[in-house]
Amino acid sequence: MKTTDTPPAAPAAGPAPAAKSPAPAVEEKSSEGKVLNVFSHGVLIIWAILVVMPLLWAVMASFKTDDSILSTPWALPDKLHFENWSRAWSQAHMSDYFFNTIVVVGGSLVGTLLLGSMAAYVLARFDFPGNRFLYFLFIGGMSFPIILALVPLFFVMNNMSLLNTQHGLILVYIAYSLPFTVFFLTSFFRTLPTSVAEAAMLDGASHTRTFFQVMLPMAKPGLISVGIFNFLGQWNQYMLPTVLNTDPNQRVLSQGLVELANSQGYKGDWSGLFAGLVMAMLPVLGAYIVFQRQVVAGLTAGAVK
């Protein structure tokens, strides 16, 4: 009988090779993250120095004498010369420029937020023929260069007897700021819950009462954010008042600073010039410091519903 050969036994399997540890990859990623973090922080620190140093230098120069500004520009003042501020406030008419600017910017800011919020609420909450057309019309206003409208705007203001008047400049500021305000607040109103407005309507509230007592308080972060942006733009506006506001008694702060730079530069009163410059910066810095959290909250409110 022919027997079949028995195949040799397979060698015993040894222990399974250990899986490769992902530790080196994790360490490599963490090291790359640290390098990127250090690089980003370094860029932010350099950027902060470039922004803060000129401001600090202007503040120091506003408390120094003219001789010390020219001889030792980077040294600290020997004492605080507050007479520079009083001279700029009274003799350079900074008080008049401040009053005119506060009246114009305050009136235009209230009008812009009121009209912009009403238009944005209607565009965001109601569907009607022409809704999208009006919305894109406001967006188109953001892309229209204001310099192209200066000449026809001058003649329109002249025909309406609004040149060299504060209320005329307020109306121009409102029209200039409305496109961005409507664009910003329309997106913000769309993120607000509709159930609250529906509950108010079921309780018998009218559309006007629902808007002013329910929806507008809920849109407070967005109003503060867009209000800060409009405040900065209107406070620093120079082109519009230069063309439409040529009366020396009606000058706003931006025009006054240019006049102060021209007059004080020829006189050599550099300390008074820097004092006026710091005066113009303080309201802007103060507004941003006070409302910093509200601005960030308004910008991020629409990210998560």
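**Exercise 1.** Determine which residue pairs with E259 in a salt bridge, and how exposed E259 is.

*Solution.* Begin with the criterion, a side-chain nitrogen of Lys or Arg within 4 Å of a carboxyl oxygen of Asp or Glu.

The model is predicted, so local features need pLDDT of at least 70 and side-chain atom pairs pLDDT 80 or more, while totals for chains, interfaces and linings use all residues. Residues are numbered from 1 along each chain as its sequence is written, and side-chain values use heavy atoms, without hydrogens and water.

**Exercise 2.** Find the salt-bridge partner of D269, and state where the two residues lie.

*Solution.* The count of salt bridges comes to two. D269 pairs with R87, their closest N and O atoms being 2.8 Å apart. This pair links distant parts of the chain, since D269 sits in the loop between α12 and α13 whereas R87 belongs to helix α3 (residues 83–90), 182 residues apart. Finally, D269 counts as buried because its relative accessibility is 12%.

**Exercise 3.** Identify the residues through which α10 meets α13, and classify them.

*Solution.* With contact taken as heavy atoms within 4.5 Å, I228, F231, L232 and W235 in α10 meet A280, P283, V284 and A287 in α13. The residues of this contact divide into eight nonpolar, no polar and no charged.

Notes:
Helix = DSSP H or I, 4+ residues; strand = E, 2+ residues; numbered from the N terminus. Nonpolar A, V, L, I, M, F, W, Y, C, P; charged D, E, K, R; others polar. Buried < 20%, exposed > 50% of the residue type's maximum accessible area, 1.4 Å probe, protein only.
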